[in-house]
Amino acid sequence: MTAIKKIWENVSGLWSLIVGLRITGKNFMDKQITLHYPRETVSKSQLEGFRGPLELVGKPKDPGSPKCIACMMCVSACPSNCLTVVKAKAPVLTEEELQAMKDAEARGEKVTKPKAPKEPIKFIYDFTLCSLCGSCVENCAVNSLRYSSNVYLASTDRNDFKMDLLARLATQAQAKTPPTEPENSTRED
Amino acid sequence: MSQIPVELVKLLIALVAIAAFVGLNGLVLVYLERKVAGHIQRRPGPFEVGPHGLLQPLADAVKLIGKQLFTPKNADGFLFWLAPIISFLPALLLFVPIPFGPVATGMEMNLGLLLILAFSGLNVLALCLAGWGSNNKYGVLGAARAVAQSVAYEIPLLLAVLAIAFQTGSLNLSEIVQGQGGWPWQWNAMVQPLAFIIYFVSALGETNRAPFDLPEAESELTAGFHTEYSGMGFGLFFLAEYANMIVVCSVAVALFLGGWHGPFFDGSWWFLAKVYVLLLIMIWLRWTFPRVRFDQLLNINWKWLMPLALLNLLITAFVTKLS
Ligand code: SF4
Ligand code: SF4
């Protein structure tokens, strides 16, 4: 019985060969999906799902500054230590202001010390280390990170891949380039 | 001058023509292989040199010829360089009895089929020498595989061919072609479909074509028997592989697909067209199937092709005897 079963398995395996041929045959007939690069440029639809180096997402109202709240989740999620985020410090108070606060406290008023703003003052990203794994994108609480669609990235200097994402965002906002991808399009796969 | 027999002159002309044919076909097949691979992977394939990359094979050839011929340290220089020559020269000889057309046959011989089968065995020797002579472990492993594989696949191939020889009662390829008609239902492949399939699969194994390209499996053996070859040393193996592909396809066309017979007008173009269809199928197979494991390779042969071929032969013999 097992022998017959074995033989049948082999024979039905033949069918899978034909299926394979059909697939490659169909691909052969299909349109090609690559470009003749220097002569053609990559269109937007072809970049769907492309994972370029990371970039920051700007606030809807203020596209020049990031949504980022400097929570450092991305930094601790990154397995390759690509990200360096420096949190903004609390503003340093002058002597008079300090005095004024003390006076107010003495009068029994409620005084709130100025807190550090929830934003980064430095956001450095080292693309040479990044494996585009997406842990940072997934872990960001406010969806402040996404993949860019920069396919033409090339350089002869590795330092060019240490990117200041804040500066990048600022220039992007200034150039008023429409965002390369819709806001919530970090791809899930 | 008058003493020189006509037959000899004809043979010489045929050999020169065959050499040209093999060289040209090598270029065409390199181009085709890369283009088909490209299209199956939905990229253009070679595109930059010449219109649609047509000159790419020429550029490749120039590059190959220009490379230094290098003999590895402690290798057996004589065997090392003998191997590509042994691999390539008999391939030319194999074309002699193939009937490309009613008159375009290098030499009519009664044992044409036997000659092809006998001389095609030399390729195994070449691979064996190449692997052995290179002083390289990968080379030796590739050679060992080549021998095991070729010896194994030769048998079902022979049995399949023998079935046709039984049926037509001849080993002369021209005669076998003559026995078939122009339309597909008059071909031997219709009478003997099993033999045709067995022949084709064994032919893939014999020519070391993927999925049976174990002697040069680059993922396991870097490049197997030709790991150490540079420039035209490698080039000759390459040409020989393509020449052998054309031979096995030509024999398949002559034996099974009606040779130069075709609907309406007979002629060499039918022969070439059929050969090229088979070659395209071979290339298609290469870019579809993953390489088999070595035990799978031998299992396919000894457990399936051999018994089936034997069975087919027995039935053929029985039927021929009865009718
Ligand atoms: S994609 Fe992965 S490797 Fe790159 S910065 Fe984010 S977490 Fe680090
Ligand atoms: S990018 Fe996101 S995860 Fe990283 S610090 Fe800013 S808010 Fe936190």
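Chain A of this predicted model has a mean pLDDT of 82, with 92% of its residues at 70 or more. One stretch calls for care: across residues 183–189 of chain A the pLDDT is below 50, although the stretch still has 10 contacts in the model beyond near neighbours in sequence. Where pLDDT is low, the predicted coordinates should not be read in detail. For chain B the mean pLDDT is 83, and 98% of its residues reach 70 or more. For the complex, the predictor gives an ipTM of 0.71 and a pTM of 0.72.

**Where the two chains meet**

- Let's start with the contacts: 17 residues of chain A touch 14 residues of chain B.
- The size of an interface is often given as the accessible area lost when the parts come together.
- Here, chain A and chain B bury about 1500 Å² between them, and 66% of that area is on carbon and sulfur atoms.
- Three residues stand out on the chain A side: L21(A), T24(A) and F28(A) supply 34% of the area that chain A buries against chain B, more than any other three residues.

**Polar and charged links between the chains**

- There are 2 salt bridges between chain A and chain B.
- In a salt bridge you can look for on screen, the side chain of D30(A) meets that of R42(B), with 3.7 Å from N to O.
- Between chain A and chain B, 6 residue pairs are in polar contact.
- Sorted by class, the side of chain A that touches chain B has 6 nonpolar, 8 polar and 3 charged residues.

**Around ligand 1**

- Ligand 1 is surrounded by 13 residues, and the closest are C78(A), C130(A), C133(A), G134(A) and C136(A).
- The shell around ligand 1 divides into 9 nonpolar residues, 4 polar ones and no charged ones.

**Around ligand 2**

- To find ligand 2, follow chain A through C68(A), I69(A), A70(A), C71(A), M72(A), M73(A) and C74(A), which are among the residues around this ligand.
- F123(A), C140(A), V142(A) and L145(A) are also around ligand 2.
- The shell of ligand 2 has 11 nonpolar residues, with no polar and no charged ones.

**Aromatic rings**

- A pair of aromatic rings is described by the distance of the centres and the angle of the planes.
- Over all chains, the count comes to 14 aromatic pairs.
- In chain B, one aromatic cluster is formed by F80(B), W81(B), F225(B), Y229(B) and F237(B).

Definitions and conventions
Residues numbered from 1 in each chain as written. Chains lettered and ligands numbered in written order. Predicted model: local features only at pLDDT ≥ 70, side-chain atom pairs only at ≥ 80, totals over all residues. Heavy atoms only, no water. Near = heavy atom within 4 Å. Nonpolar A, V, L, I, M, F, W, Y, C, P; charged D, E, K, R; others polar. Phe/Tyr/Trp six-rings, centres within 6.5 Å; stacked < 30°, edge-to-face > 60°. Contact = heavy atoms within 4.5 Å. Buried area = accessible area lost by both parts, 1.4 Å probe. Salt bridge = Lys/Arg side-chain N within 4 Å of Asp/Glu carboxyl O. Polar contact = N/O pair within 3.5 Å; in protein donor to acceptor, adjacent residues only side chain to side chain. pLDDT = per-residue confidence, 0-100.
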